[in-house]
Amino acid sequence: MSEVTMIGLGPMGTAMAEAFMAAGHDVTVWNRTTSKADKLVAKGAALAAEPATGELLVISQLDYQAMYDSLGEARLDGKTLVNLSSGTPAELREAAAWVAGRGGTLVTAGIMVPPPGVGQPGAYTFYSGPKDAFDRHAGTLEALSAVTYVGADPGLAMLYYQAQLLIFWSALTSFMHAAALLRRAGVPPTAFAPFAKGLHGELAGEGPMGFLTILAGELESGVYPGDENSLRMQAVGMGHVVETLRDAGLETTVPEALHRLFARADAEGHGDEGIAAVVESIEKP
Ligand code: NDP
């Protein structure tokens, strides 16, 4: 079994330390606020006096600034740092150079699960950076989740992570708008939820509603057939949704923005194509 130093003991870092321990690894922990280590130490983790302790440092903090603040001027010779904190791809690339300048190697990561899911089936994490460093520690990192290596560019893990979060937050916000709209008519959110779940399943499926597969193919080919459901028709329908929300006295910022985007794509000449043509307007802000 391996030795792991867990830096950052928020809800995620704590769950990660526990998952490493459950998998039988020797876990050392460090956190700016030392008292957050108490429960883990009681369970058998060692407490580090300095964050740069050991060869494999796994980091889960608020942001990348926290890593700089924590490590300060420490040398990182021969160490591999795996940072699962949120940042921008540019910050991750800068951090990779910063770690290399101190003699270490940075593997960047984006973990796609909340604290209770760490170490559980279905959890997965995007990793990027030097492949050899990733390969060396992949077996240990599997204690956290399934591992998915996406490439050498240190920014890639965060790009995949943020792409997923964009879908996650948009989908959940659309559910809140939808549930609020139905609630105004007396329909409880739990009565509507099965339909929303069904739709998400269909979108991810391979049938006529399997739009994730359909759109991916269309975006790749640059051909967006709209014979059976034109973008113009959908822009008009989206306008009706905005009006309905407004009539119900609800907030409409996000639905209005969607409608504006669809209408702009129509105005830019894509009305007869399919909904995938919206990407042309997204790529020309
Ligand atoms: P937080 O994002 O609140 O991070 C808390 C940790 O960051 C604590 O250990 C805190 O130390 C440390 N920290 C913050 N600022 C500094 C600093 N300047 N110097 C040193 N340490 C600092 O909690 P989470 O555990 O929820 O999230 C950790 C990371 O995981 C985030 O980047 C988040 O985006 C990501 N993430 C979170 C998920 C979730 O559901 N919670 C899911 C997937 C990813 P201290 O205790 O001393 O304050």
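**Entry 1: ground rules**

I number residues from 1 along each chain as its sequence is written. Because the model is predicted, local features need pLDDT of at least 70 and side-chain atom pairs count only at pLDDT 80 or more, while totals for chains, interfaces and linings use all residues; side-chain values use heavy atoms, with hydrogens and water left out.

**Entry 2: the sheet**

I looked up the strand order first. An open sheet of 8 strands runs β3-β2-β1-β4-β5-β6-β7-β8, with mixed pairing. I take strands (E, at least two residues) and helices (H or I, at least four) as DSSP runs numbered from the N terminus, and two strands as paired if DSSP finds at least two bridges between them. At the edges are β3 (46–47) and β8 (146–151), each pairing on one side only.

I then checked β1 against β2. Strand β1 (residues 3–7) and strand β2 (residues 26–30) run parallel and are joined by 5 bridges. In that pairing E3 has D26 as its bridge partner in β2, and M6 has V29.

How much of β1 is buried? I call a residue buried under 20% relative accessible area, exposed over 50% and partly exposed in between, using a 1.4 Å probe and protein chains only. Of the 5 residues of β1, 4 are buried, so the strand is largely enclosed by the rest of the structure. I also keep in mind that side chains in a regular strand alternate between the two faces of the sheet.

**Entry 3: helices on the sheet**

For directions I use axes fitted as lines to C-alpha atoms, for helices over the stretch in contact, with angles from 0 to 180 degrees between N-to-C directions.

Helix α1 (residues 11–22) packs on the sheet and touches β1, β2, β4 (56–59) and β6 (105–111). The direction of α1 makes about 170° with that of β1. Helix α4 (residues 89–101) also packs on the sheet, touching β5 (80–83) and β6. Its direction makes about 150° with that of β6.

**Entry 4: aromatic pairs**

I found 6 aromatic pairs in the structure. Rings of Phe, Tyr and Trp (its six-membered ring) pair if their centres lie within 6.5 Å; planes under 30 degrees apart are stacked, over 60 edge-to-face and the rest tilted.

Why is the pair of Y68 and W98 edge-to-face? The ring centres of Y68 and W98 are 4.8 Å apart and the planes stand at 70°, so the pair falls in that class. Y68 sits in helix α3 (residues 64–71) and W98 in helix α4, so this pair ties together parts that are 30 residues apart in sequence. Y68 is buried at 18% relative accessible area, and W98 is buried at 17%.

Next I looked up Y127 and F134. Their ring centres are 5.3 Å apart with the planes at 40°, so I record the pair as tilted. Y127 is buried at 0% relative accessibility, and F134 is buried at 5%.

I also noted a cluster in which ring pairs link Y124, F126 and Y160.

**Entry 5: a charge over a ring**

I count a charge as over a ring if NZ of Lys or CZ of Arg is within 6 Å of the ring centre and within 35 degrees of the ring normal. The charged end of K131 sits over the ring of Y149, at 5.5 Å from its centre.

**Entry 6: salt bridges**

I found 9 salt bridges, taking one as a side-chain nitrogen of Lys or Arg within 4 Å of a carboxyl oxygen of Asp or Glu.

E18 bridges to K43, with the closest N and O atoms 2.6 Å apart. The pair links distant parts of the chain, with E18 in helix α1 and K43 in the loop between α2 (38–42) and β3, 25 residues apart. E18 is partly exposed at 30%, whereas K43 is exposed at 53%.

R93 bridges to D153 at 2.9 Å between the closest N and O atoms. Here R93 lies in helix α4 and D153 in the loop between β8 and α6 (156–184), 60 residues apart. R93 is partly exposed at 37%, and D153 is partly exposed at 27%.

E268 bridges to R264, the closest N and O atoms being 2.7 Å apart. The two are 4 residues apart in helix α10 (residues 253–270), separated by about one helical turn.

Last, I noted a network of salt bridges linking R232, D266 and D272.

Methods
Contact = heavy atoms within 4.5 Å.
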